[in-house]
Every structure is written in C-alpha cells, then in structure tokens.
Amino acid sequence: MKDERRIRMDDGEGSEADGATAIVLRFGDVEVPARLNGTETARAFAARLPVTVDVSGTGVAFCGRLPFSLPYDEAQVHDGWTNGDLNYNPRGGWLAVLFGGEEGSAAYDDQVTMGAVDGPLSVFKQLEGAFALRIEAVA
C-alpha cells in the first residue's frame, strides 16, 4: 500500500516546473540516469553535487552514509519504498538507491524519497560489492 506522504516523480511533485534535477549515478563504469524530485531534501542534495558516497550492495539496494546531513520535512518521512526510489534516511544519514524488496519494505521506517531511477532497474543486477558512487547533476 502506498504511503500518501511519499513524494515520487510520478506524483506531479517532480516535474521540471517543480524543481526536478536530472542526475547520473556512476557505479564505476556503469552510469544510471536518475532524477531528484522538488522536495526540500532533494534540492539541498542537488546543491551539494557532485558528491561521492561509499556504498555497499545489499541485494535490494546500494546504501551508504552521506558525508553531510540534509534538511527534511517531517511530514514526508514514511515507511518503505518503491523499487527505483532514491531515499534519504534522516536518523542515520544514509543514502539508498533501492532496486528491490519493495514488497517487504514497510518494515523499514525513516525514509524520505528524494527521487527515482530513470530506466530499467535490471542494470543493478550486474553490480556487486562496494563502490565509490559518484553522483552528478546532468548539465
């Protein structure tokens, strides 16, 4: 069941007019297009780009602690995710690129959706281990 506080790209909150930012996630030589939504959290993250985050694969996500904290609206904190989400965990300061596990994700709280991957999530199946994930705005 969708949490109504979750703001995704397809909810009309992330159109270009609402401040959406095209980004690229670089896992070594693999580039994954994504888009940040227009939330306060996403705008603050975009202002810090480019950034490199050490992430590790979990089988359903690549997660890593950000080297900085981000502002967020408490009303947008929710449980779970939709596969393809780019989330921030305010309590732990974690960034997560989520590509699986949606069906059981309601058990994970403290999620703020900042954006989503643009394109097929199958690209993540070829990635394993840890990466120095480079995130850049697309000019």
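## The barrel

Eight strands close up into a barrel here, in the order S1-S2-S7-S5-S6-S4-S3-S8, with antiparallel pairing. Going from one strand to the next, the twist averages 30 degrees. Keep in mind that this is a predicted model.

## How the strands pair up

Let's start with S1. On one side, S1 pairs with S2 in the antiparallel sense over 7 bridges, and Leu 25 stands opposite Val 32 in S2. The two strands make a hairpin with 2 residues between them, and Gly 28 in that turn has a positive phi of about 65 degrees. S1 also pairs with S8, again antiparallel, this time over 4 bridges. There, Ile 23 sits opposite Ala 137 in S8.

Look for Ser 56 here: its bridge partner in S4 is Cys 63.

## The helix on the sheet

H1 packs on the sheet, and the strands touched by H1 are S1, S2, S3, S5, S7 and S8. As for orientation, the direction of H1 makes about 65 degrees with that of S7.

## The nonpolar core

The largest nonpolar core has 32 residues. Which of its members touch the most others? They are Leu 25, Phe 27, Phe 45, Met 114, Phe 124 and Ile 135. Several elements each supply at least two residues of this core: helix H1 (40–47), plus strands S1 (21–27), S2 (30–36), S3 (51–57), S5 (85–89), S6 (94–98), S7 (112–117) and S8 (130–137). The largest share is from S2, with 4 residues.

Skipping neighbours within four places in sequence, Ile 135 is in contact with Ile 23, Val 24 and Leu 25, with Phe 45, with Leu 49, Pro 50 and Val 51, and with Leu 95. One of those contacts, Leu 25, is also among the core members that touch the most others.

## Out on a loop

Is Ala 107 buried or exposed? The relative accessible area of Ala 107 is 67%, so this residue counts as exposed, the cut-off being over 50%.

Ala 107 can also be placed relative to Trp 81: the two are 26 residues apart in sequence, and their C-alpha atoms are 10.0 Å apart in space.

Conventions
Residues are numbered from 1 along each chain as its sequence is written. This is a predicted model: local features need pLDDT of at least 70, side-chain atom pairs count only at pLDDT 80 or more; totals for chains, interfaces and linings use all residues. Side-chain values use heavy atoms; hydrogens and water are left out. A nonpolar core is a set of buried Ala, Val, Leu, Ile, Met, Phe, Trp, Tyr and Cys residues joined through side-chain atoms within 4.5 Å. Buried means under 20% relative accessible area, exposed over 50%, partly exposed in between (1.4 Å probe, protein chains only). Contact means heavy atoms within 4.5 Å. Two strands pair if DSSP finds at least two bridges between them. Axes are lines fitted to C-alpha atoms, for helices over the stretch in contact, and angles run from 0 to 180 degrees between N-to-C directions.
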